[in-house]
Amino acid sequence: MNSEFLILFFGVGVFLVGFAIVFAYFIAPRSSTPQKFEPYECGIPTKGITWLQFNVGYYLFAILFLIFDVEAVFVFPWAVVMKDMGMIAFVEIVIFFFILILGLGYAWKKHALVWE
Amino acid sequence: MNLQDFLLMRHELLLVIFAAIILLAEIFTGENKNGIRNLSVILFSIITVAGFFPVPEGSLFGGMYKTDLLRVTVKNILNIGVLIVFIQSYSWLKFDENKNKISEYFTLLVSTLIGMNFMISSGDFLMFYLGLELATIPIAALAAYEIYKNRSAEAGVKLILSSALSSGVMLYGISMLYGATGSIYFDEVAPMVVKNAMIALSFIFFFAGMAFKISIVPFHLWTADVYEGAPINITSYLSVISKGAAVFILMIILFTVFRSIIFLWQEVIYVTAVLTMTIGNLFAIRQQNLKRFLAFSSISQAGFILLGVIGGNQIGMSSVIYYILVYIFSNLGAFGVVAAIANVTGKENIDDYNGLYLTNPKLSLTMMLALFSLAGIPPVAGFFGKFFLFIAAAQQGFYILVLIAVVNAIISLYYYLLVVKAMFLNKSENPIKYFKSDWMTRIGLLICILGIVAVGFASGIFEHLNFLSFGIN
């Protein structure tokens, strides 16, 4: 078994991470103001209770947006090769859109698009 | 691509069409979704039958997708299992709290089946991984199906976290394999796999990731909690179908991609098989909840299945597939009885089954047959399944392993018989009352009984599988 590479692999891995930690320990400036211990450190102390309930509608819209955003990415490479591939590419993208619209229809039917 | 090419991936296409039809039905029906249940069961029966028509063999997408008679056979076996799951969940879906989620149940379950089919047919690691993820993520949603129950939600979260971790570990292994060989196609990777540290490490990571999915000890810790929390029908699906598919593709990859480092993975499987059988058995003895009990019993069954993988021989592959078939019928039979009783009474502890034979003799007999098959008692199919697995391991000289397995089979007999004893011998003050299960449940259990009895006696099935299988040499 040639395990030199493996040892090297582990060695470099440990070295890189360890070096970064040790190096940061020595050069990083330190401060211990009360703001430092806030969960979200953005410079300003939080006011009031941070355990707020937020509308689940945001989440649904974000998910739906993400789905259609990612699907749009698939259409760009299709558009590039559409002319060369001809009819088959067209049929395939129609099937793709059909499945996509099915998902949209489902979300619509389940009232995911209604802002409450 | 022409029409002939589409025929090659017929199983997957039919299932995609099925899922689309269910979604369309969901969109265009009103409040009452009961029709979707009937539609799904009828459509899926047609798909199951359609899977048996002969198709040409070949590969698609430049070798990413492969199909041959062996893979088609495994897909058909899985189809049968899913059909039984659908039939068994028929009356459970009738409950008020499940009524508005019927079409999601079918779409998600079929999505996982599509993923498994792609995984089985994969010709490279990318397709394999995509199929695996498609097979895993919807199951987490299904495990959390009864989201208003804490345990079910917990099962969903545990499943998705553990499967995310295992996928990460496995991807790391695959990336190392790609780094060492420069390809992700099984056919191209296989000749470049030589015995060195990088490959060995990539195999370990890959195996650990798969061991999570098959719940092999020491990667089994998620199993019992998820199995207990998830709805019974999902548990039965998880313990049979997804385990069967994962074992099959693990075996294919070990036999093709990693065939030149067989002495390495034989050692790994040797140790994990012994651990899996023993620990699964020892934990199963102490369980009171039947779902947890069956979860640990399914862990130990996974250890027995590894006995067929370890030899790397032809009879090993055929006995694993045969065992998956037998296991589908026996485990779904046991889960079917548990589901039928839990649906009516809500009881799922072994103590509740005391005196069941006096009140519900037919259900008790079905349960007894299924447990006998799981334990491997001669006249039923489970015996032949275990027998072939032992032969496969013994043929390659793993006598000590077979001995350990036999001892474990005896231990497992003890706790399977505990349930039988509870049903037939124990007296109870207030046993479960007599009830008539509806006809769909009965059909589901009848198919299981037929399978348990018939598969053992139809010797042609094993010969057919053996004809299709291949070994390493």
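The following legends describe views of a predicted model.

Local features in this predicted model require pLDDT of at least 70 and side-chain atom pairs pLDDT 80 or more, whereas totals for chains, interfaces and linings use all residues. Residues are numbered from 1 along each chain as its sequence is written, and chains are lettered from A and ligands numbered from 1 in the order in which they are written.

**View 1. Overall form of chain B.** Chain B comprises 20 helices and two strands (DSSP runs, numbered from the N terminus: helices H or I of at least four residues, strands E of at least two). Its radius of gyration, taken over C-alpha atoms, is 21 Å, close to the 23 Å given for 473 residues by the globule rule, so chain B is as compact as a globular protein of that length; the rule is 2.2 Å times the number of residues to the power 0.38. Of the 473 residues, 56% are buried (20 or more other C-beta atoms, placed from the backbone, within 10 Å of the residue's own).

**View 2**

**View 3. The side of chain B that touches chain A.** Eleven residues of chain B are in contact with eleven of chain A (C-beta atoms, placed from the backbone, within 7 Å). On this side of chain B, α2(B) gives the most, with five residues.

Definitions and conventions: A residue is buried if 20 or more other C-beta atoms lie within 10 Å of its own, exposed if 12 or fewer, and partly exposed in between; C-beta atoms are placed from the backbone.
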